[in-house]
Amino acid sequence: MAEVLDQLAKELFAGNAKGVSELTRKALAEGCTPSEILNKGLIKGMGEVGVKFKANEIYVPEVLIAARAMKAGMAILKPKLEESGVKPVAKMIIGTVKGDLHDIGKNLVAMMMEGAGFEIIDLGIDVSADKFIQAIRDYKPQIVGMSALLTTTMIQMRESIKAIKEAGVRDNVKVMIGGAPLTQKFSDEIGADGYSPDAASAVDKAKELLGI
Ligand code: B1M
């Protein structure tokens with residue numbers, strides 16, 4: 001049983017979507033629980049992707065290919081997880097801030113978070129403060145993720161955090177920010193709860209913020 005899960009983690013790391021689909025089915029047929037397949041197969045493989053990405057041993061294309069393989073496995077596993085009542089680690093809404101259309105980095109973060117067992121509600125690009133606030137009310141996430149790639153839009157993060165505070169929902173969530181022009185100093189200045197420089201550290205930061 002452990003063998004099929006190890007193999008699954010390896011195929012996910014290699015980005016083999018077909019292999020991941022087959023092994024997910026095989027693991028189910030061999031009697032592995034959906035939660036074992038998720039944690040010891042898919043999340044384990046994606047965790048390895050995160051480690052290598054952080055160490056600059058693999059790059060964006062490899063991460064995207066691994067994420068596609070993860071999605072292939074999840075498509076089979078998701079209904080089984082729902083049937084067996086496995087809860088996500090936590091819920092996160094994420095979006096690229098108003099005026100900014102860059103989404104490659106944001107999508108990578110969303111994929112790595114999903115890979116780590118988080119439920120992700122992706123609000124897309126050009127997300128206004130009002131849209132963040134509405135989504136906090138609608139989805140009740142534990143984490144709000146904001147991404148910005150332009151020096152002209154990073155300021156929107158300050159505006160959004162201010163608006164979230166004024167709307168009275170700031171205490172309900174941890175706000176995490178990221179994007180190429182950002183720094184920890186900027187994060188501190190605008191009152192975010194956390195900053196992370198890349199998609200793999202985003203998972204660590206989110207867990208740290210939630211104490212999990
Ligand atoms: Co634009 N662009 N772009 N662009 N673009 C940059 C960002 C730029 C640095 C290029 C340059 O001039 N050298 C520059 C910004 C300069 C500045 O602000 N100082 C720039 C500009 C100027 C523009 C336009 C204004 C160009 C124009 O029209 N004149 C325009 C703006 C449009 C708009 O947003 N309103 C524009 C448009 C575009 C395209 C549409 C063509 C395209 C985006 C396509 C898309 O995203 N779907 C594009 C691209 C591709 C880039 C570059 C080349 C690549 C960005 C990228 O995807 N990087 C970029 C130059 C560069 O970076 N080399 C550039 C890869 C990605 C994986 O990295 O997004 O940093 P990144 O994400 C990382 C981390 O930052 C972090 O994790 C990710 C993965 O490790 N991270 C988070 C990101 N979000 C996070 C959130 C977190 C945590 C971590 O928590 C929530």
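Let's start at the ligand: one of its oxygen atoms sits 3.2 Å from a polar backbone atom of Ala 199. Keep in mind that this is a predicted model.

| Residue | Atom of the residue | Atom of the ligand | Distance |
|---|---|---|---|
| Ser 147 | polar side-chain atom | nitrogen | 2.7 Å |
| Thr 151 | backbone N or O atom | oxygen | 2.9 Å |
| Ala 199 | polar backbone atom | oxygen | 3.2 Å |

Which elements give two or more residues to the shell around the ligand? They are α5 (104-115), β3 (143-147) and β4 (174-178). Helix α5 supplies the largest share, with 4 residues.

There are 26 residues around the ligand, and the ones that come nearest are Leu 101, His 102, Asp 103, Ser 147 and Thr 151.

Now for a pair of helices. Helix α2 (residues 17-29) packs against helix α4 (residues 60-84) at an angle of about 25°, and their axes are 7 Å apart. Angles under 35 degrees count as roughly parallel, so α2 is roughly parallel to α4. The crossing of these two helices is right-handed.

Who makes the contact? From α2 come Ala 17, Val 20, Ser 21, Thr 24, Arg 25 and Leu 28, while α4 brings Ala 69, Ala 72, Gly 73, Ile 76, Leu 77 and Lys 80. Sorted by type, the residues of this α2 and α4 contact come to 7 nonpolar, 3 polar and 2 charged.

Notes. Residues numbered from 1 in each chain as written. Predicted model: local features only at pLDDT ≥ 70, side-chain atom pairs only at ≥ 80, totals over all residues. Heavy atoms only, no water. Axes fitted to C-alpha atoms, helices over the stretch in contact; angles between N-to-C directions. Parallel < 35°, antiparallel > 145°, perpendicular 65-115°, else oblique. Left-handed = near helix turned anticlockwise from the far one by under 90°. Contact = heavy atoms within 4.5 Å. Nonpolar A, V, L, I, M, F, W, Y, C, P; charged D, E, K, R; others polar. Near = heavy atom within 4 Å. Polar contact = N/O pair within 3.5 Å; in protein donor to acceptor, adjacent residues only side chain to side chain.
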